[in-house]
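Here is a brief report on selected features of one protein structure. The sequence and model come first, and the notes follow.

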Amino acid sequence: METILPPLQAIPAGTVALADYEPLAQARMSASAWAYVSGGAADELTLADNIAAFRRLRLMPRVLADLRGAHTRLELFGDTFEHPILVAPTALHRLAHEQGELGSVIGAAAAKAGMVVSTESSIDLEFIAQSAQTPLWFQLYLQADRGFTRDLVQRAEASGYRALVLTVDAPINGVRNREQRAGFAVPAGISAANLQGMQPAARTGAGVGDSPLFGSRMADDAARWSDLEWLREHTRLPILLKGVLRADDAQRAITQGAAGIIVSNHGGRTLDGVPATVDVLPAIAEAVQGRIPLLIDGGIRRGTDVLKALALGASAVLVGRPCLHGLAAAGAAGVAHVLHILRAEFEAAMMLAGCPTLAAIDRSLIWQTPDASGRPRHQA
């Protein structure tokens, strides 16, 4: 019989890095739920590379910088944030802890971090908003029933959400072999609370020899660029596109009225074999040219990762799995501690790199190996 430990009542003294939370969380989740939270698509190449790509980057610190009055504040869509670290949208937080998204939003508020609530949250978006003491954005999957989608958007607006995050990289789930091998199924008593009453998504049911997806309702109902225009007509909230990996898609998003872009590969959970998000960030930042906020998620595990992302053009970062690890380990207190660790590491990295404010973080902080001529490719 599977042994699942209860949530911690106090965080162990040796819990000093985000990596320390991973075994604490795994011991407090079922094997199948852990496979769902920790797994990626197919061979999990992208899942691994998201972390490895940050580790490949090296920093070039400045010395003797004037750090008086240093801070990490920034403004996004009319709200002032104390630091550029937000909680990324992830589904079904009650898989990790009975507090679910309420624990996450309480922990985020304690750490003064914004939070993006998933369409597939296990607690309804209104109840989360009532408990929130921090700015909330709502992550949206366009449903086949556009009327239901419109109602969902209106619910988010009425509840005080400050922005919509439209996920555009997941018309279907990726092939998640780890979940399949573990036999993952959403346990009884847990569900996507915001989707209650919606007609279930079409299933293909294709047999061997038939096309599994093409020509199906799933393909026909997949979101298109025209849906961004439709969504803009039905909301007053700024819309960020989450899941952009190409510079030309970023350009088109701006042309069609996106208010922000989140560089994301869905945490390596959709199409396996795509690049790590931080590897494509510079090209997208070059295309965006600061016209709209540019955020990134995927693989951020250290404060130095936050610094690297901002140096390569991001305005802010989102963190997903580590917050779930904190939630599983110790509820709201674990989420708050995870975010506090990351913020403390980020501020330390800024001080050691000679950056008193976010505006001082630029591409010159990233060191690159010499080119064929022996000249460093470091950009001043």
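## The second largest pocket

The second largest pocket has a volume of about 380 Å³. The model is predicted, so this value, like the others below, is computed from predicted coordinates. Twenty residues line the pocket. A19, E22, I51, R55 and R301 lie nearest its centre.

Four elements each supply two or more lining residues: α1, α3, α12 (303-311) and α13. The top contributor is α3, with five residues. By class, the lining of this pocket holds eight nonpolar, eight charged and four polar residues.

## Helix α2

How many of the eight residues of helix α2 are buried? The count is seven, so the helix, residues 31-38, is largely enclosed by the rest of the structure. The buried residues are S32, A33, W34, A35, Y36, V37 and S38.

## Salt bridges

The whole structure contains 15 salt bridges. One of them pairs the side chains of D79 and R162, at 2.8 Å from N to O. D79 sits in strand β3 (residues 79-81), and R162 in the loop between α6 (146-158) and β7 (164-167), so the bridge ties together parts that are 83 residues apart in sequence. D79 has a relative accessible area of 14% and is buried. R162, at 37%, is partly exposed. The cut-off for buried is under 20%.

A second pair is E179 with R176, whose side chains meet at 3.5 Å, N to O. Both E179 and R176 are buried. D297 and K242 form a further bridge, with their closest N and O atoms 3.4 Å apart. Here the link runs between strands: D297 is in β10 (residues 294-297) and K242 in β8 (residues 239-244), so parts 55 residues apart in sequence are tied together. D297 and K242 are both buried. There is also a network: D49, R56 and D279 are joined by salt bridges that share partners.

In general terms, side chains of opposite charge can pair when their charged atoms come close.

H266 lies in the loop between β9 (260-263) and α11 (277-288). Is H266 buried or exposed? Its relative accessibility is 13%, so H266 counts as buried.

Which residue's side chain makes a polar contact with that of H266? The partner is D169, at 3.0 Å. Leaving aside residues up to four places away in sequence, H266 touches Y141, T167, D169 and A170.

R363 is placed in the loop between α13 and β12 (366-367). With 27% relative accessibility, R363 counts as partly exposed.

How far apart in space are R363 and M60? The C-alpha to C-alpha distance is 9.7 Å, while 303 residues separate R363 and M60 in sequence.

Technical notes:
Residues numbered from 1 in each chain as written. Predicted model: local features only at pLDDT ≥ 70, side-chain atom pairs only at ≥ 80, totals over all residues. Heavy atoms only, no water. Buried < 20%, exposed > 50% of the residue type's maximum accessible area, 1.4 Å probe, protein only. Polar contact = N/O pair within 3.5 Å; in protein donor to acceptor, adjacent residues only side chain to side chain. Contact = heavy atoms within 4.5 Å. 1 Å grid on protein atoms, 1.4 Å probe; cavity = no way out; pocket = protein on both sides within 12 Å on 5 of 7 lines; lining within 4 Å. Points joined across faces, edges and corners; volume = space filled by probe spheres on them. Nonpolar A, V, L, I, M, F, W, Y, C, P; charged D, E, K, R; others polar. Salt bridge = Lys/Arg side-chain N within 4 Å of Asp/Glu carboxyl O.
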